[in-house]
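I set down what I looked up, entry by entry.

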Amino acid sequence: MEVEPAAQGRAAAGRIVLLSVLLLVCCRAAPERIRYAIPEELGRGSLVGPLARDLGLSPANLPARKLRIVSGDEKQYFTLGEDNTNLRVKEGIDREGICGAVSPCVLSFEAVVENPFNIFHVSVTIQDINDNAPHFDREFVAIEMIESTPPGARFPLGSGRDPDIGVNSLQNYLITPNPLFSLVVRESPDGTKQPELVLEKSLDRENQRNHHLILTAVDGGDPVRSGTAQIKITVTDANDNPPVFTKEIYKVQLLENLPEGSLAFQVKATDADEGTNAEITYSFSDIANSARQLYTLDSRTGEVKVTGPLDYEEGKYYEASVEGKDGGGLSAHAKVQIDILDVNDNAPTLSLLPILNPIPEDSGPTTVIAVINVRDRDSGDNGEVSCDIDGNLPFRLEPSSENTYKLIVASALDREKVSAYNITITARDRGIPALSSRTALVLEVSDVNDNAPVFEEAAYSAYVAENNAAGAAVLRVRARDADAGANGRVSYWLAGGSAGAAPYVSVEARSGAVYAQRSFDYEQCREFAVAVRAQDGGAPARSSTATVRVFVLDRNDNAPRVLWPAAGAGAGAGAGAGAAGAAPVPAAAPFEVVPRSAEAGYLVAKVVAVDADAGRNAWLSYELVQAPEPALFRVGLHSGEVRTARAVSERDAAKQRLVAVVKDHGQPALSATATLHVVLAESLQEALPELSERAAGADSPAELQFYLVLALALLSALFLLSVALAVLARVRRAGPPAVLRCLGAQRFSVAGAAFPADFCEGTLPYSYNLCVAPGRAVAEAAWLPPPPPLPSLPAEELVGGEPCGKRSPSSSAGAGEPPADADAPQVCKPARSLSLSLSQPHAEAAALCCAALRGLPAAAGAVTAGLSFHERMTHSCAVSFLAAGSVERFLPSSLCCRKCYRYAVAPR
């Protein structure tokens with residue numbers, strides 16, 4: 001009897017059941033399994049059922065819910081249509097190929113939806129249709145009967161097979177009518193129907209040796225399908241005793257790992273006859289093709305050996321009929337039932353269905369990551385499997401149903417610590433020895449914005465010297481965000497700070513560089529604080545704040561400021577370490593009265609000064625830089641107190657003007673000056689005359705301005721004079737100047753120094769005419785040897801002269817005519833006489849003063865070495881006139897001589 005299709009069907013059904021079991025993973029579970037039923041052999045794309053509607057999903061929610069189906073089987077028979085709502089057939093379904101004889105034939109899969117995540121179990125029952133006709137393994141069946149066979153003897157016929165089930169399976173057998181034979185159908189314990197041929201009447205070989213019958217197998221389908229086999233019966237001569245098997249049914253159990261060639265079992269039959277009638281041969285009268293490939297029967301010994309690999313998972317049970325026939329043609333039949341025993345020869349297999357990969361790092365416990373389906377083709381303990389996770393990972397396996405596990409989160413995840421996990425799942429059965437298998441899942445952890453930016457320092461300090469350039473870098477703040485992508489991209493901005501601090505600095509959004517917006521001034525703001533906020537690009541964004549405190553460092557950019565004496569009282573300020581010049585003192589300047597009886601250490605006044613800078617830049621020191629009597633006063637180096645250094649004496653001037661300089665200790669040092677007026681008097685009444693005289697004699701600012709303009713004019717005149725001398729020298733090379741032609745060919749004395757013929761100085765306080773004999777012209781910048789001494793004349797004659805505009809007789813000659821006596825000195829008659837009283841030292845000082853102011857060489861002093869005072873004065877003025885070159889150019893220079901006479905010459 002052939003049992004292969006039934007065994008294959010049961011094995012396939014077992015695999016489908018294992019693959020179809022999945023547990024509801026999270027959220028809520030479907031209250032019941034969604035079931036559909038369809039007939040087999042439907043065309044591709046045929047509708048199975050409205051899956052989305054049965055799951056309660058509206059068309060509007062379908063895109064967000066992401067409905068999809070997942071099957072644990074290697075082959076998917078169903079798919080969602082283009083509209084993603086209806087379940088349709090993906091490939092043709094053959095129930096017999098999938099389930100075999102197992103009924104019902106159910107295909108299971110899971111429908112997965114997201115947002116929120118859920119799994120629904122879907123079962124599709126495949127209904128059988130009558131698409132298979134019954135058939136026989138052998139189309140020709142040969143039976144030998146001896147003519148002495150008694151009526152009622154039964155002869156087994158080959159069973160027909162129909163892969164269909166239920167009413168569509170094989171239901172009955174029919175045989176062509178024959179008065180000698182009838183058909184009996186016997187049902188075996190497994191439900192199969194086996195036909196047997198029954199002899200109704202005795203056979204007569206002489207009458208008919210052969211009989212031909214047709215055996216028909218019919219099913220119960222609509223329409224009815226059938227299959228036939230031809231039976232040929234041969235009547236042989238008499239044989240008294242048929243063979244007899246030792247057992248009517250042989251039951252055998254074989255291990256599936258039995259090697260090929262091993263003896264499986266042996267059948268035995270005996271025959272009471274002798275000779276050839278007792279010789280029995282064995283053969284399989286009814287065996288499935290699958291079993292025929294695994295077993296062979298020795299026709300002589302009845303031994304059955306294994307000729308192919310036994311596999312419990314492929315076939316657990318085999319059944320066959322063995323025929324024993326003697327030499328006389330008589331036969332006997334026995335049943336053989338073979339059970340295959342399972343051994344642990346199959347390692348578990350794992351089917352992993354990822355649900356969430358990558359997984360967000362904020363996923364809570366019980367979040368399902370994957371569903372694992374474990375299969376072991378072995379049975380019993382060999383097929384019981386347990387699963388474990390290798391290593392200490394924040395995940396665990398939770399059994400959901402038989403052979404199904406869900407991988408869930410066991411503890412909190414942190415992508416910043418571990419961004420990916422290599423999860424190895426080991427499945428191990430309970431066989432001896434145990435077999436195991438592994439599968440790996442690389443689970444990535446996706447980032448969520450769960451980390452705020454963290455500054456490297458909670459508070460930053462920056463030190464910036466004042467007077468910095470606007471836009472200068474102050475410092476750089478840096479914050480790090482452990483998140484990835486946009487969640488870790490940090491930007492910066494100012495988030496507040498101390499009052500008025502925001503306009504001072506700015507922060508670059510990307511780099512965190514803090515820049516000065518303006519130049520800092522230590523005297524206005526010594527320190528300020530701003531808050532810098534760092535924010536990431538996540539949604540929602542996270543931020544943190546750090547304080548930046550900026551300390552402005554002092555620079556020596558402020559000179560000391562004198563508070564006393566006040567600036568209006570004659571104090572001056574300057575930038576530099578040296579002493580400043582004395583400033584003019586206004587009439588309202590205060591003064592200090594020091595009694596002449598003051599002893600050493602007497603406190604005269606205190607110079608009070610402040611410096612807006614700080615530190616060393618504000619440390620002040622005091623020093624006297626100008627005083628009429630340097631030894632009389634001293635000033636405290638650090639206190640600024642002006643005290644007498646010795647006792648005041650009667651010889652000390654009544655009026656003292658002290659200039660003190662105040663210096664700081666910066667680099668470079670800055671300073672200011674203070675002017676202090678001191679009057680040495682016993683009382684205020686005694687000091688008042690001194691103060692009145694000082695006020696009367698003080699130069700006014702207007703007079704000082706006049707002196708400055710005058711000095712500038714003198715400098716300009718000297719420059720013009722130098723230019724004129726250079727032009728004159730070039731002109732004299734060409735010929736005598738036109739302006740001097742009136743003096744004649746011999747305008748100057750040959751022996752004496754060059755002097756003008758006539759001269760009248762109307763601007764001097766004393767009028768006089770000076771006339772001397774002209775001599776020879778002197779070359780540019782050349783001086784002749786000293787002339788013979790001139791006659792000594794009284795001062796009255798030398799200084800006295802004619803009024804301006806009158807010429808002397810000697811000058812009345814025509815141009816170019818020499819005088820009558822060239823050697824005789826020419827002296828103008830004075831119009832009026834004025835007596836002068838000059839001391840010798842004063843006269844020499846006046847002469848040398850004029851010569852120095854005119855820039856004369858030192859040899860001029862040698863010229864006047866042997867002359868009297870009056871002669872020296874005359875010679876000095878004449879030299880000045882010669883250097884000027886003309887009366888007009890000599891007039892400005894005479895001012896210096898006038899100054900000399902104002903201080904050196906006194907009237908009698």
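Entry on the pairing of β15. I looked up strand β15 (residues 210-219) and found that β15 pairs with β16 in the antiparallel sense over nine bridges. Strands here are DSSP runs of E with at least two residues, helices are runs of H or I with at least four, and both are numbered from the N terminus. Two strands count as paired if DSSP finds at least two bridges between them. Within this pair, I noted Asn210 opposite Thr234 in β16.

Entry on the model. I record that the model is predicted, that local features need pLDDT of at least 70 and side-chain atom pairs pLDDT 80 or more, and that totals for chains, interfaces and linings use all residues. Residues are numbered from 1 along each chain as its sequence is written, and side-chain values use heavy atoms, with hydrogens and water left out.

Entry on β9. I found that strand β9 (residues 140-146) pairs with strand β16 (residues 226-236) in the parallel sense, over seven bridges. Here Ile146 faces Thr236 in β16.

Entry on an open sheet. I then examined a sheet of three strands, ordered β10-β14-β13 with antiparallel pairing. Because β10 (154-156) and β13 (181-187) are at the edges with a single partner strand each, one side of each lacks a neighbour in the sheet. From one strand to the next the twist averages 35 degrees, where axes are lines fitted to C-alpha atoms, for helices over the stretch in contact, and angles run from 0 to 180 degrees between N-to-C directions. β13 meets strand β14 (residues 193-199) in the antiparallel sense over seven bridges, and Phe181 stands opposite Leu199 in β14.

Entry on cysteines. How many disulfides does a search of the whole structure find? The search returned one disulfide, the term meaning a pair of cysteine sulfur atoms within 2.5 Å. Cys99 and Cys105 form a disulfide with their sulfur atoms 1.7 Å apart. The link of Cys99 and Cys105 is right-handed, with 60 degrees about the S-S bond. I noted that both Cys99 and Cys105 are buried; buried means under 20% relative accessible area, exposed over 50%, and partly exposed in between (1.4 Å probe, protein chains only). Cys387 also counts as buried, at 9% relative accessibility, and Cys525 is buried at 16%.

Entry on helix α7. I looked up Val731, which lies in helix α7 (residues 701-734).
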